[in-house]
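Please have the sequence and the three-dimensional view open side by side. The paragraphs below pass from the whole chain to single residues.

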Amino acid sequence: MSKPTRTGEGARAGTRAGTGTRAGAGTGTRAATRTSARTPERTPAPDGAVSHGVIRVHGARVNNLKDVSVEIPKRQLTVFTGVSGSGKSSLVFGTVAAESQRLINETYSTFVQGFMPTLARPEVDVLEGLTTAIIVDQQRMGSDPRSTVGTATDANAMLRILFSRIGSPHIGSPGAFAFNVASVHASGAITVERGANKSRAVKATFSRTGGMCTRCEGRGTVSDIDLTQLYDDSKSLADGAFTIPGWKSDSFFTVRVYAESGLLDPHKPIAKFTKREMQDFLYREPTKVKVEGVNLTFEGLIPKIQKSFLSKDREAMQPHIREFVDRAVTFTTCPDCDGTRLSDEARSSKIKGISIADACAMQISDLADWVRALREPSVAPLLDALGATLDSFVEIGLGYLGLDRASGTLSGGEAQRVKMIRHLGSSLTDVTYVFDEPTIGLHPHDISRMNNLLLRLRDKGNTVLVVEHKPETIAIADHVVDLGPGAGTAGGTVCFEGTIDGLRTAGTVTGRHFDDRAALKTTVREPTGTLEIRGATTHNLRDVDVDIPLGVLTVVTGVAGSGKSSLVHGSLVKDPARRADVVAIGQGAIRGSRRSNPATYTGLLDPIRKAFAKANGVKPALFSANSEGACPNCNGAGVVYTDLGIMAGVAAVCEECEGKRFQASVLEHHLGGRDISEVLAMSVAEAEEFFGAGEAHTPAAHRVLDRLADVGLGYLTIGQPLTTLSGGERQRLKLATHMGEKGGIYVLDEPTAGLHLADVEQLLGLLDRLVDSGKSVIVVEHHQAVMAHADWIIDLGPGAGHDGGRIVFEGTPADLVADRSTLTGEHLATYVGA
């Protein structure tokens with residue numbers, strides 16, 4: 001069949017689009033032929049219609065993008081590559097996906113839009129050919145203590161319905177099996193209005209049976225608080241008895257509400273409180289009090305601490321708060337529900353001897369087998385749906401999890417795959433799936449499975465956009481867009497568009513490094529000692545005994561779910577006896593607002609402020625845009641935000657400070673000929689030179705800048721908002737921050753996450769420098785380049801969940817390759833070409 005003649009830009013776009021255009025052209029021709037046969041008088045479709053086989057981006061300027069123009073073929077798998085910070089996420093997530101979401105939101109009524117986040121239009125000239133975007137990113141799942149893998153998916157809801165229908169004995173509705181639902185009972189009189197001036201009182205009762213354990217309130221753990229960590233009982237409230245972080249003496253809502261409530265004597269040492277005063281101080285129910293004419297609520301110290309600290313997920317806390325909680329609170333498994341979070345009644349109802357608590361505690365692969373074995377015609381559709389959901393977990397490589405696993409404990413890769421569950425069986429086609437490094441946290445053995453899932457989504461007629469660094473996934477792409485050439489201000493342009501073969505010969509950073517393979521070390525370092533771990537049983541570990549060598553680079557490997565993190569974190573990081581000597585750098589996301597930047601996050605701003613203050617004879621607080629030095633018009637934000645209700649808010653550069661964030665009087669103070677706003681506008685490399693010598697010489701600042709340069713962030717502006725950093729940049733910023741901590745053992749959890757092939761080489765050099773400086777470095781990692789570079793490898797497995805938890809190999813990388821007895825050994829041998 002001949003294709004219609006095309007002219008102009010639409011034709012060129014269609015030609016570059018590949019498969020998407022061919023499908024569009026063919027379909028357009030057939031449609032035109034059929035239409036003309038029936039209604040000859042109708043004109044053919046306009047030429048622009050056949051160019052809809054591409055998503056066309058023209059003039060994108062989000063973050064560091066420099067007027068990027070690109071045409072992304074539809075119904076193909078397109079991978080976006082480039083060094084960390086080159087602009088991949090800005091193009092894919094900040095431009096294409098963001099605009100798709102914004103346009104979809106605008107289809108809802110203004111009433112509905114009022115409950116949705118308002119999204120501004122990305123800074124781009126033209127965006128054409130967009131389809132509905134489904135975003136599967138790396139963001140960790142909700143860290144609520146009552147959020148689990150089961151509640152975050154549909155699996156738990158379906159299990160509750162199943163037990164409410166066929167569980168024996170029958171105890172109630174699905175809510176009776178939910179640990180997020182409390183039992184409620186009430187009775188009394190209600191007033192019923194019937195017509196004008198007619199009403200009568202009616203006696204009514206209400207009850208709701210919930211499955212929540214009353215003791216732990218559905219959390220599975222109870223806390224025991226060490227009162228000596230909350231206050232010094234030799235002091236009075238007025239003398240600063242509280243030792244709780246953030247409880248300042250002038251705070252209305254904490255210290256002053258106790259000292260000035262009238263219920264306690266603020267000048268009496270706490271140790272001399274009467275029994276009644278101590279009861280009020282520690283356990284009193286919420287009571288309204290007045291402090292200086294302001295109505296406040298007085299509440300006992302124990303319930304107040306439980307609400308303000310213990311109701312939050314530990315991992316989501318700021319470091320100093322987490323340290324206080326670790327010191328003051330001991331969490332133990334709830335003795336009433338044995339950690340299941342469910343009431344006795346909920347656990348009493350069973351199906352073939354299995355309660356809902358038992359079902360949630362099962363490994364998902366085993367639970368899927370149990371569900372398939374049930375033969376109940378009355379709930380057959382429910383069993384089919386539940387079985388399909390559980391099978392999706394297994395298919396995506398998460399069969400080793402349990403539905404009762406707290407969602408806050410999932411790694412970034414696990415959380416991303418859990419989000420994929422709902423899309424695997426979807427009947428939607430012609431949508432755009434956007435993935436952010438879907439191979440993070442995956443062993444090389446599991447990457448092929450993830451690749452197959454991506455190809456399946458594409459083969460259903462969808463457009464799949466993937467931001468990725470792993471060559472195994474880049475290799476399956478139909479189309480590649482390589483951004484760069486560098487990072488930050490040195491990036492933001494498209495260096496290459498085309499096929500994998502074209503990328504290899506393109507001469508870009510990605511093309512040059514695409515086939516790089518780290519070689520096995522010819523000689524390895526000798527350990528200076530060993531760290532003994534005996535009888536480790538955390539999670540799925542099976543009484544593991546292992547000696548971790550010190551003074552060398554040790555890599556702990558194994559398939560996802562084999563017990564790597566359980567071994568390293570459970571036996572080292574969380575061991576009170578070893579915690580002081582261990583510096584742990586995990587996968588947790590950096591949290592920060594648009595006011596946070598590398599200078600504030602790393603602590604670099606403190607010595608800079610002090611240096612400015614000393615040079616000018618003023619207070620350090622003047623040189624903080626979040627404190628006294630802030631511009632009064634924009635409050636130190638640099639921009640003025642105008643809320644437009646359901647429309648996206650408008651941010652305009654502050655007219656008073658011109659975006660510099662500081663008062664004009666503050667900018668009159670200089671250090672080394674620069675004001676504070678000029679210093680914050682410097683790159684790390686510039687600032688390193690500036691604070692390294694001369695009038696601005698500041699050793700404390702120079703040390704932090706040295707570490708930032710060591711991890712490859714020399715191009716980063718020290719005052720750049722954290723919200724604009726890429727995942728790889730955040731990972732390295734966190735690494736640089738922790739490098740300043742004192743400790744002999746460094747534990748790194750997947751430090752290559754978000755790093756380009758070229759950046760991995762720099763990371764290996766950094767790890768070598770740490771070891772050569774006398775540190776012991778233990779890395780939990782899947783990247784074969786890090787394995788090949790190790791002095792010692794500990795491989796766990798052989799499988800995941802209850803099929804793992806054992807040491808299957810200990811030795812040098814060369815021995816592992818020669819042995820090839822494990823999955824890791826096979827993949828490492830293939831990687832190094834042995």
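Helices and strands are DSSP runs numbered from the N terminus, a helix having at least four residues and a strand at least two. On that basis, His 539 is found in the loop between β18 (529-536) and β19 (544-550). The phi angle of His 539 is positive, near 50 degrees, although the residue is not a glycine. With a relative accessibility of 70%, His 539 counts as exposed, because the term applies to values over 50%.

The model is a predicted one. Its mean pLDDT is 87, and 91% of the residues reach 70 or more.

As a whole, the protein chain contains 30 helices and 27 strands. Of the 834 residues, 50% count as buried. The accessible surface amounts to about 37800 Å², and 51% of this belongs to carbon and sulfur atoms. Among contacts between residues at least 6 apart in sequence, 67% join residues at least 24 apart. The side chains include 90 positive and 96 negative ones, and the centres of these two sets lie 6 Å apart.

In helix α8 (residues 275-283), the buried residues are Glu 277, Asp 280, Phe 281 and Leu 282. An α-helix has 3.6 residues a turn, so residues three or four places apart point the same way. Against which elements do the buried residues of α8 pack? Their partners are α7 (255-259), β10 (294-298) and α9. Helix α9, which spans residues 301-310, is itself mostly covered, with seven of its ten residues buried. Leu 301, Ile 302, Pro 303, Lys 304 and Ile 305 belong to this buried set, as do Phe 309 and Leu 310.

Most residues other than glycine have a negative phi, and most peptide bonds are trans. Glu 292 has a positive phi of about 55 degrees and is not a glycine. Its place is in the loop between β9 (287-291) and β10, and Glu 292 is exposed, with a relative accessible area of 61%. Two cis peptide bonds may also be located. One runs from Ser 168 to Pro 169, with omega near -5 degrees; Pro 169 is found in the loop between α6 (155-166) and β6 (184-193). Another joins Gly 484 and Pro 485, with omega about 0 degrees, and Pro 485 is found in the loop between β16 (479-484) and β17 (493-498).

The last stop is Ser 565, in helix α20 (residues 564-573). With a relative accessible area of 33%, Ser 565 is partly exposed, because this value falls between the cut-offs of 20% and 50%. Which residues does Ser 565 contact, leaving aside neighbours within four places in sequence? The contacts are with Gly 570, Asp 749 and Val 780. His 697, on the other hand, is 132 residues from Ser 565 in sequence and 42 Å from it in space, C-alpha to C-alpha.

Terms used: Residues numbered from 1 in each chain as written. Predicted model: local features only at pLDDT ≥ 70, side-chain atom pairs only at ≥ 80, totals over all residues. Heavy atoms only, no water. Buried < 20%, exposed > 50% of the residue type's maximum accessible area, 1.4 Å probe, protein only. Contact = heavy atoms within 4.5 Å. Areas by Shrake-Rupley, 256 points an atom, 1.4 Å probe, with all protein chains shown as cover. Lys, Arg positive; Asp, Glu negative; His and termini not counted. Charge placed at Lys NZ, Arg CZ, Asp CG, Glu CD. pLDDT = per-residue confidence, 0-100.
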